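Open the model in your viewer and keep the sequence panel beside it. The stops below say what to select next and what is there.

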Amino acid sequence: MTDSRRQKHSEQLGNAPEDINGPISSGVRKKGRMNWLQKLFSSPGSKAPEGGTIQGLIHQKQFYKALKELVAQENRISNDAPRNTHQTKDIDSLYESLEKEMFQVISESIVQIPGDPLVQVIKAIKKQEKEDSKILQNKEIAEHQRRTPRKWKEKWARCVEESVSQRISNGSTISTRDTASCLSQKFRNVGKTFKNDLIHVIQNLGPLYPAEFNICNLYARRYHQYFVSEIESVTEYELAEEDTYFLLCWIHNIYPQTILRDPAIQGHIDESQLETLLPTRKICTLEKDFVNDEVNSLKTSLEKSLNSESKRWKDGKEPSKVGRYYQSKLQTEVTQIYRDSIQKTAEISEEMSNKMAPHLGKELQNFLTKYQSLVVEYTQKKNQKHFKAITIGNINCSWAFRKVPSATCCEFYARSGWMDEPAGNCNQIIHF
């Protein structure tokens with residue numbers, strides 16, 4: 001066949017034989033690339049996937065079916081000789097599209113009920129894990145076919161962590177209208193997000209994931225790492241009193257009791273996988289700082305109340321009267337201050353309350369000693385205005401202090417013998 005006859009025959013067939021007539025034109029090559037996938041599924045021995053092209057399956061969120069078709073086509077192309085570079089690029093492009101859509105579903109699943117799309121993602125990841133295993137087990141063939149593991153399981157874990165990081169970022173905002181410290185606001189907001197998200201994961205995502213994904217613990221660990229990092233960072237510097245107190249509450253009470261041991265969460269999280277929020281050495285330092293701060297606060301409050309009361313005596317102000325009895329507000333104020341301090345410590349933990357009790361009791365005892373001294377000093381000057389009423393008010397106040405639930409307070413009265421007349425006799429003295 002002459003050259004002219006060959007050319008005419010080729011034109012009739014609609015071919016552009018590069019080996020006969022020179023390089024293929026750029027337009028023909030571009031058209032060939034664009035139509036390759038369509039021709040691939042309609043070529044002899046190849047069946048188009050149900051629902052249309054692979055890209056169509058991806059858009060329909062039929063991720064598992066799309067992956068099966070991609071694996072089949074990748075295997076066919078890999079066995080071709082010589083290797084078709086353009087076909088490989090198209091396959092890689094489809095893998096990228098599939099990954100993007102799949103991991104978008106994973107990212108959104110922390111706040112949405114994903115249903116079947118997430119099931120498709122999980123099945124696709126498990127299948128790709130099997131394909132990765134085949135590649136690793138037969139390295140010679142993998143090297144010949146230029147295939148590497150896609151490691152979707154690792155990418156999935158990173159995607160989960162990134163979605164948690166985004167949630168933390170959104171939840172850690174603080175309000176200038178909230179009077180609480182920035183630290184407590186941030187922890188309370190992220191803690192609330194953590195708790196709600198974890199319940200969502202347990203109830204809506206957990207049933208969809210196989211056990212080997214360890215889904216609940218993965219989400220919990222990422223949130224936990226945030227708190228560990230933040231606490232470690234803030235404790236490098238001197239803390240305000242309210243922040244020291246809040247951190248101890250968070251470490252001993254709020255985080256373990258209110259969040260991790262919430263009925264909807266407890267039993268789904270393996271706490272042994274979570275590192276301690278703060279080393280014991282640093283916790284002891286915080287506790288020591290809190291004790292010092294609280295003792296000083298109690299001491300200051302008691303002194304303020306006593307000074308205010310003694311000034312009333314010196315100014316000759318008549319004490320208030322309930323029925324026939326003169327009363328001093330001092331006992332009510334002091335008892336409330338003391339109980340508030342006890343309650344505040346108990347909110348950290350029972351153990352912390354037991355540690356604090358001797359320190360608070362000692363300050364109360366110091367207060368009573370000073371109060372006794374001031375009363376004795378006052379009663380030595382009998383010509384003062386409302387002397388009798390003020391003295392009776394202090395006698396009543398003294399007996400009221402005996403009812404304060406403090407072993408130290410009772411011990412003080414037992415040792416001092418101050419106003420230890422029997423109540424029956426005392427009643428004859430303290431009213432008109």
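**A tour by selection**

Start with glutamate 131, which is buried, at 6% relative accessibility (buried means under 20% relative accessible area, exposed over 50%, partly exposed in between, with a 1.4 Å probe and protein chains only). This is a predicted model, in which local features need pLDDT of at least 70 and side-chain atom pairs count only at pLDDT 80 or more, while totals for chains, interfaces and linings use all residues. Residues are numbered from 1 along each chain as its sequence is written, and side-chain values use heavy atoms, with hydrogens and water left out.

Helices here are DSSP runs of H or I with at least four residues, numbered from the N terminus. An α-helix has 3.6 residues a turn, so residues three or four places apart point the same way.

**Salt bridges between separate parts**

Select lysine 282 and glutamate 236. Their salt bridge has its closest N and O atoms 2.7 Å apart. Lysine 282 is in helix H14 (residues 280-314), and glutamate 236 is in the loop between helix H12 (215-234) and helix H13 (241-260), so the pair ties together parts 46 residues apart in sequence. Is lysine 282 buried or exposed? It is buried, at 16% relative accessibility.

Next, select lysine 355 and glutamate 287, whose side chains form a salt bridge at 3.0 Å, N to O. Lysine 355 sits in helix H16 (residues 350-379) and glutamate 287 in helix H14, so this pair ties together parts that are 68 residues apart in sequence. Lysine 355 is partly exposed at 38%, whereas glutamate 287 is buried at 11%.

For a network of salt bridges, select Glu74, Asp92 and Arg150. How many salt bridges does a search of the whole structure find? The search finds 16.

Leaving aside neighbours within four places in sequence, glutamate 363 is in contact (heavy atoms within 4.5 Å) with Val295, Leu298, Lys299 and Leu302.

Then select Trp156 and Phe367, the residues with the most contacts inside the largest nonpolar core, which has 93 residues. Such a core is a set of buried Ala, Val, Leu, Ile, Met, Phe, Trp, Tyr and Cys residues joined through side-chain atoms within 4.5 Å. Its largest share, 11 residues, comes from H12. Beyond neighbours within four places in sequence, phenylalanine 367 touches Leu302, Leu306, Leu330, Val334 and Phe401.

**Last stop: confidence**

Colour the model by pLDDT, the predictor's confidence in each residue, from 0 to 100. The protein has a mean pLDDT of 81, and 76% of its residues reach 70 or more. Select residues 1-48, where the pLDDT is below 50. Where pLDDT is low, the predicted coordinates should not be read in detail.

Notes: A salt bridge is a side-chain nitrogen of Lys or Arg within 4 Å of a carboxyl oxygen of Asp or Glu. Helices (H or I, at least four residues) and strands (E, at least two) are DSSP runs, numbered from the N terminus.
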